[in-house]
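The following exercises concern the architecture of a protein assembly. Please study the sequence and the structure before reading each worked solution.

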Amino acid sequence: MTAYILHFALCIEELMMENPYLPIPMVVKKSHLETTDRMLRTLEFSFINEKDAKAFHFIPGQFCELSVFGKGEAPFGIASSPTENGSLKFTINKAGVVTTTLHQIEEGTEVGIRGPLGNGYPMDLFQKKNILIIGGGFAFTTLRSLITFFLHPANRNKVKDITVIYGARTPGLLLYKEELVEWGKRSDIKLVVTVDQGDKDWKGKVGLVPNVLEEVAPSSENTYAVICGPPIMIKFTFPKLMALRFPNERIYTSLEKRMKCGIGKCGRCNIGHLYVCKDGPVFSYAQLEKLPKDY
Amino acid sequence: MLSSEFVVRSKHINALNTELKTLNFSRAMIQEKIREKARELLSKKAVDLIIGFGEGSLPLRATPLFIRSLEETDRLIWNSFCENNLSTYLHKLSQFKVGLVVKGCDARSIIALSHEKRFKPDQLFLIGVPCQRMVDRRRVKKAVKGEILRAHEQGDQIIVEGEDFKTILKREDFLYPSCQGCIHRTPIKADVLVGDPVEEFPLIETYHEIEEFEKKSPEERWKFFEKESSRCIRCDACREACPMCYCAECFVDSSNPKWMEKGLSPQDLEFYHIVRAYHQTGRCSGCGACERACPMEIRLTYLTQKLNWDVKELFDFETGIDAETPPPLSTYEIEDKQEFIK
Amino acid sequence: MEDHWEPKILAFLCNWCSYAGADLAGTSRIQYPPNVRVIRVPCSGRINPLFILKALQSGIDGVLVSGCHPGDCHYLSGNYIGRRKSATLKRFLEYLGFEEGRVQFSWVSAAEGGRFSQVVDEVTQDIKKLGPPRRFVKTSVEFGVRSSE
Amino acid sequence: MKWKLDKKDFKPFLQSLMVEYDLFAPVQLAEGVSVYKKIDRPDEVDLSSSNTQKPTKEVFFPQSETMFRYEKTGNQHQVTSTEEVERKRVILGARPCDIQAVLLIDQVFSGKEYTDVYYVNKRKATTIIGMACDHPLSPCFCSSMKGGPFHREGSDLLLIDLGEAYLVELLTEKGMTFQKNKFFKEALAKEINSAKEIEERATKKTDGSLPVAGIEKRLDQMMESPFWERVQEKCIGCRICTYLCPTCHCFDIVDEALTNKGQRVRNWDSCLSSLYSQETSGHNPRPTNRERTRQRIMHKFNYFPKNFDRIACVGCGRCIIYCPVNFDIRQTIKEIQNSILQNEK
């Protein structure tokens with residue numbers, strides 16, 4: 001029997017390498033509501049063991065399996081950037097048993113985490129290119145990670161122009177509102193925030209993401225597009241990207257599927273012969289084109 | 001042989017003999033009539049498809065057959081291996097007009113389902129077959145040494161052949177337990193009956209097994225239940241084969257509230273089988289599809305038949321016998337027995 | 001160990017009669033065994049057999065379901081419907097091999113504080129006679145036993 | 001050199017195995033129903049059935065397996081992993097088809113990036129004593145699937161039933177450690193010959209004619225074929241074929257909790273279950289039996305070959321024998337191969 005106490009883990013790194021199913025202990029540092037419908041909450045976790053913190057390297061677009069002991073595990077995209085050291089952020093939609101528990105969890109509670117899992121965004125390809133980031137609703141989490149990463153002084157010169165189009169149904173449903181304000185003030189990022197329906201305090205743009213994209217009309221030259229959002233948004237935005245002459249190879253998206261193991265063993269998240277958890281969740285449209293439409 | 005079985009049999013010996021004599025003839029006739037009716041329905045476009053039985057790929061088997069064109073109708077067959085309760089398919093065919101081949105028990109399921117408003121009244125065309133009782137393929141397999149490669153029926157015999165044997169078995173000795181006690185072999189509700197109604201009599205006292213079982217001590221009864229359910233592999237075949245199991249979310253699958261775990265701990269297996277059976281109270285036609293589907297050969301009908309018996313005794317109700325009486329657990333009588341209540 | 005065993009009994013009481021009856025027993029200072037834990041349900045017809053089975057599986061020693069007397073149901077017929085469920089369930093559980101008396105049923109009205117105490121007393125005595133359940137309970141000892149290991 | 005084990009020595013042999021190993025072998029649960037179980041007494045072992053209901057994979061990948069237990073004290077969780085295997089194991093009586101299947105799922109669970117320690121630890125600790133299949137059944141088609149009733153790959157030792165004795169072949173290094181076993185005697189030439197005859201007879205009996213060549217390529221073009229609608233019609237959506245399949249390896253991970261302690265458990269799961277790929281949002285990429293049946297067939301004959309270069313079916317025949325509606329995968333294979341593809345019209 002391999003017994004170990006999470007708090008006084010003796011050889012957790014080694015164990016993690018050996019047994020990919022054992023969670024690393026983390027503690028809930030902060031928890032706050034993001035949206036007015038009270039369905040989205042951002043949780044910040046910090047590592048309990050210094051060693052784990054050091055060993056945890058990830059890139060934007062990767063995800064983790066969060067464990068609530070006794071309730072189970074669920075996968076979430078990492079919303080924080082690798083440049084924000086020492087902690088991990090996840091924005092969690094209240095939907096099932098695990099997420100509901102996570103919404104109610106108190107600060108200071110211990111949870112488990114497995115990860116980082118998945119491939120993440122193709123950071124190498126983005127080098128010296130323009131980046132167009134299109135997000136809708138709460139699929140903005142890993143995009144926030146991506147934006148924050150490139151806005152970090154150490155990384156800003158790795159890519160050229162950064163254009164972000166972010167839409168939500170109402171102003172209250174926008175994520176990371178304070179950061180959006182901050183980014184809006186900066187000159188090294190072009191941010192367009194739009195809502196489907198404004199309210200009396202909303203001074204920004206009103207309009208659907210596909211239309212706003214048409215309006216903003218970023219050049220596709222030397223540009224990679226990353227698009228994450230609800231299927232209906234993607235369905236109507238994709239043709240607009242085509243019209244802007246983005247080739248399939250330069251449009252990336254992150255897929256969601258039901259996952260359990262996160263390491264390509266348990267079966268359920270496959271699209272064709274690829275597993276979203278292991279070979280994804282980030283795919284280019286050129287890749288998806290070759291795969292069966294089984295998602 | 002069970003003594004009660006003998007008594008019952010001698011009581012109906014004449015009826016049984018007449019039936020046996022005509023078995024060959026009636027099987028062939030029924031098969032021809034099913035095909036005829038199928039052709040008629042399809043050519044009139046009265047139905048979108050016919051569900052009946054076709055030749056199985058293994059000896060002693062028939063297989064559910066879905067037919068949409070006239071040419072295919074000759075693939076429809078009728079024999080003593082047509083064991084499936086085809087009404088279970090109706091749940092996924094709600095947009096279609098279906099011609100369905102039904103035995104007595106299947107027709108009872110249909111009536112029970114219509115109580116629960118599972119389909120539109122004009123959606124179904126029932127081709128009723130007076131049933132000669134189905135043969136238990138497992139009993140047959142166990143009765144011979146060696147693998148059966150071919151099997152066919154001849155009169156009241158089943159002739160099975162293997163590599164180096166040919167055995168003739170008496171059909172009557174190899175029937176499903178649920179079929180042996182059946183007294184509703186002629187479909188009560190059918191749009192057409194192919195074949196003459198059969199005389200209704202049981203080969204064994206219907207509730208003989210339950211009476212015998214009840215004589216045991218609670219400990220013995222529990223032991224038996226424990227042993228049977230311990231073999232369960234949670235494949236849900238009993239649930240899926242049952243026409244009455246159609247809940248959008250089965251209690252097994254509910255995560256909130258979570259009634260039970262999904263593993264193999266004995267108590268969870270027992271929990272599953274108690275509730276699966278109990279949910280059939282007053283709804284089970286006793287067709288035995290659950291037991292036949294089980295790959296681990298778990299006895300299941302001794303549970304559902306008990307419930308059927310209780311419902312009969314307490315509320316004088318039999319599932320699927322008439323379309324008017326509501327299911328017993330959806331109604332009440334002021335005079336219902338209540339001596340068990342303090 | 002068994003000497004000190006006190007049964008835990010779960011009582012599902014209907015909101016309108018039996019629960020009020022239990023309340024009356026309390027306010028009237030009528031003593032009854034402390035073994036009973038009460039869950040208030042809208043009506044005895046609300047009882048899903050799953051509740052009873054889940055309780056038994058979780059290690060409850062006995063279950064009592066109590067509702068309004070016939071004719072008194074707040075929802076007119078809930079207790080009659082419940083009565084049919086109870087009758088079939090009780091018979092079925094005993095057929096499977098559960099001991100008679102493990103699951104019990106009663107009618108107690110809002111005015112019957114004394115009767116409530118008497119019913120609980122009787123049920124507790126019955127369960128004590130039966131002793132702790134030896135079947136179907138998922139105890140921590142068995143927890144983790146998997147059939148193929 | 002070949003060895004033999006007299007049947008009168010069989011039980012003592014098992015007894016001697018049990019001193020050193022945990023012994024897993026077929027056990028009869030009811031007439032005609034057998035599974036692999038850990039053996040406590042040699043007379044539990046029942047080799048009379050031609051194959052068990054549940055396949056050999058269950059010894060390495062139990063249907064329900066605890067991954068770790070946890071206990072909560074205050075705000076901390078003490079986690080105890082159950083990945084280690086305490087004793088060496090022997091599987092006795094595994095049929096060549098099941099052993100083939102184990103070799104297939106080895107590839108999934110060992111994997112390049114991640115190792116499934118629960119499976120791999122058990123696998124490494126296990127010696128497989130195969131049992132040649134002298135009476136293959138008519139639904140068996142192992143010979144069509146790169147196997148055969150006497151296929152030796154994967155067995156450490158192979159037993160061949162000669163009637164009075166078993167002929168023993170030591171096939172691997174692990175197998176060779178049995179060389180000095182006191183119950184093994186040198187086999188005589190006539191015994192070796194009679195084993196050969198049995199092998200020839202059995203091999204002739206299995207169906208090697210199933211047209212599987214090229215099926216992967218064909219399926220590439222059949223994702224949206226109306227074929228799936230038709231083929232799934234009679235399937236009632238139970239999980240027998242996937243649970244009894246020796247190559248199916250999907251699982252679900254759940255927590256089972258008792259107040260302050262609990263365990264994480266993995267249970268077999270099946271692509272034929274509607275919940276298998278249903279997302280929390282309610283969206284289900286495989287909403288009907290059509291997509292689910294397609295997933296089952298595609299995974300075996302297209303996706304798995306793409307990843308591991310082999311069809312994930314060994315021809316054991318279980319899904320055919322136990323299907324409540326007689327869904328026959330051999331017919332499905334033939335229909336796929338005979339179907340008219342879009343570009344052939």
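**Exercise 1. Domains of chain A**

Which domains does the domain assignment of chain A give? Describe also how they touch.

Solution. The model examined here is predicted. Step one is to read the bounds: domain 1 of chain A covers 12–116, and domain 2 covers 123–254. Step two is to locate their centres, which, taken over C-alpha atoms, are separated by 25 Å. Step three is to examine the contact, to which domain 1 of chain A gives 18 residues and domain 2 of chain A gives 14 residues. On the side of domain 1 that touches domain 2, there are 6 nonpolar, 9 polar and 3 charged residues.

**Exercise 2. The overall form of chain A**

Determine whether the radius of gyration of chain A agrees with that of a compact globule.

Solution. Begin with the secondary structure: chain A contains 9 helices and 16 strands. Next, consider the extent of the C-alpha trace, which spans about 60 × 45 × 35 Å along its principal axes. Finally, apply the globule rule. A compact globule of 295 residues would have a radius of gyration near 19 Å; chain A has 19 Å, and therefore the two agree.

**Exercise 3. Two helices from separate chains**

Describe how helix α9 of chain B and helix α2 of chain C are arranged.

Solution. Two packed helices are described by the angle between their axes and the distance between the axes. For α9 (residues 266–278) of chain B and α2 (residues 49–57) of chain C, the axes come within 11 Å and cross at roughly 160 degrees. Because angles over 145 degrees count as roughly antiparallel, α9(B) is roughly antiparallel to α2(C). The crossing of α9(B) past α2(C) is right-handed.

Now identify the residues that meet. From α9(B) come B:Gln267, B:Phe271, B:Ile274, B:Val275 and B:Tyr278, while α2(C) supplies C:Pro49, C:Leu50, C:Leu53 and C:Gln57. Sorted by class, this contact holds 7 nonpolar, 2 polar and no charged residues.

**Exercise 4. The contacts of chain D**

Describe the sides of chain A and chain B that touch chain D.

Solution. Take chain A first: 39 of its residues are in contact with 40 residues of chain D. The elements of chain A that give two or more residues to this side are β1 (2–5) and β5 (72–77). Of the elements, β1(A) gives the most, with 4 residues. The classes on this side of chain A are 15 nonpolar, 13 polar and 11 charged.

Technical notes. Residues numbered from 1 in each chain as written. Chains lettered and ligands numbered in written order. Predicted model: local features only at pLDDT ≥ 70, side-chain atom pairs only at ≥ 80, totals over all residues. Contact = placed C-beta atoms within 7 Å. Axes fitted to C-alpha atoms, helices over the stretch in contact; angles between N-to-C directions. Parallel < 35°, antiparallel > 145°, perpendicular 65-115°, else oblique. Left-handed = near helix turned anticlockwise from the far one by under 90°. Nonpolar A, V, L, I, M, F, W, Y, C, P; charged D, E, K, R; others polar. Domains from an automatic or database assignment. Rg over C-alpha atoms; globule rule 2.2 N^0.38 Å.
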